[in-house]
Amino acid sequence: MNIKTEDTCSFCKNAPETILHLFWNCEIIQTFWTGISNYIKNKCNIDLLEWDANDILFGSYNFDKVVNLLLLQAKHFIYYNRIKNQMPSIEGFSKQIVSCYRIDKYNAKQNFKITEFDRDWERYKNLTHTN
């Protein structure tokens, strides 16, 4: 579980590591969120979101299913990197997106919802190709 003995942020080392700091306020993580937004824009030609801390922490009804799923996956990726004492990277996260896509597709097939899956992921297909 990687219990910490001090409260300093695992990434920036400049502030106490609260949930809000870990997933939003940290300058390293802010750069990561900007990188995700730019990555989606470059790969899918979707000018993404002005998101805020509430959107990141809780998701938003203003976002579609895939964006909310990607936000959840990004938080998992941030926490995973925290545990591994690594900096989160867009390259690493792009691999997580592909894995997420495959799992979501498998679940859709198992539940006979492939049409909905295809509709949900249509705008984001370019994120799922490994180059």
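Visitor: First up, is Phe-112 buried or exposed?
Guide: Phe-112 counts as exposed, at 76% relative accessibility. Buried means under 20% relative accessible area, exposed over 50%, and partly exposed in between (1.4 Å probe, protein chains only). A note on the source: this is a predicted model, where local features need pLDDT of at least 70, side-chain atom pairs count only at pLDDT 80 or more, and totals for chains, interfaces and linings use all residues. Residues are numbered from 1 along each chain as its sequence is written, and side-chain values use heavy atoms, with hydrogens and water left out.
Visitor: Where is Phe-112 found?
Guide: In the loop between α5 and α6 (114-121). Helices (H or I, at least four residues) and strands (E, at least two) are DSSP runs, numbered from the N terminus.
Visitor: What about the phi of Phe-112?
Guide: Positive, about 55 degrees, although Phe-112 is not a glycine. Most residues other than glycine have a negative phi.
Visitor: And Asn-85, where is that?
Guide: Asn-85 sits in the loop between α4 (65-83) and α5 (90-110). Its phi is positive, near 55 degrees. Asn-85 is exposed, at 67% relative accessible area.
Visitor: New topic. Which residues is Arg-123 in contact with, leaving aside neighbours within four places in sequence?
Guide: Cys-44, Ile-46 and Asp-64. Contact means heavy atoms within 4.5 Å. Arg-123 itself lies in the segment after α6 and is partly exposed, at 49%.
Visitor: How many Å apart are Arg-123 and Pro-16?
Guide: 38 Å, C-alpha to C-alpha. In sequence, Arg-123 and Pro-16 are 107 residues apart.
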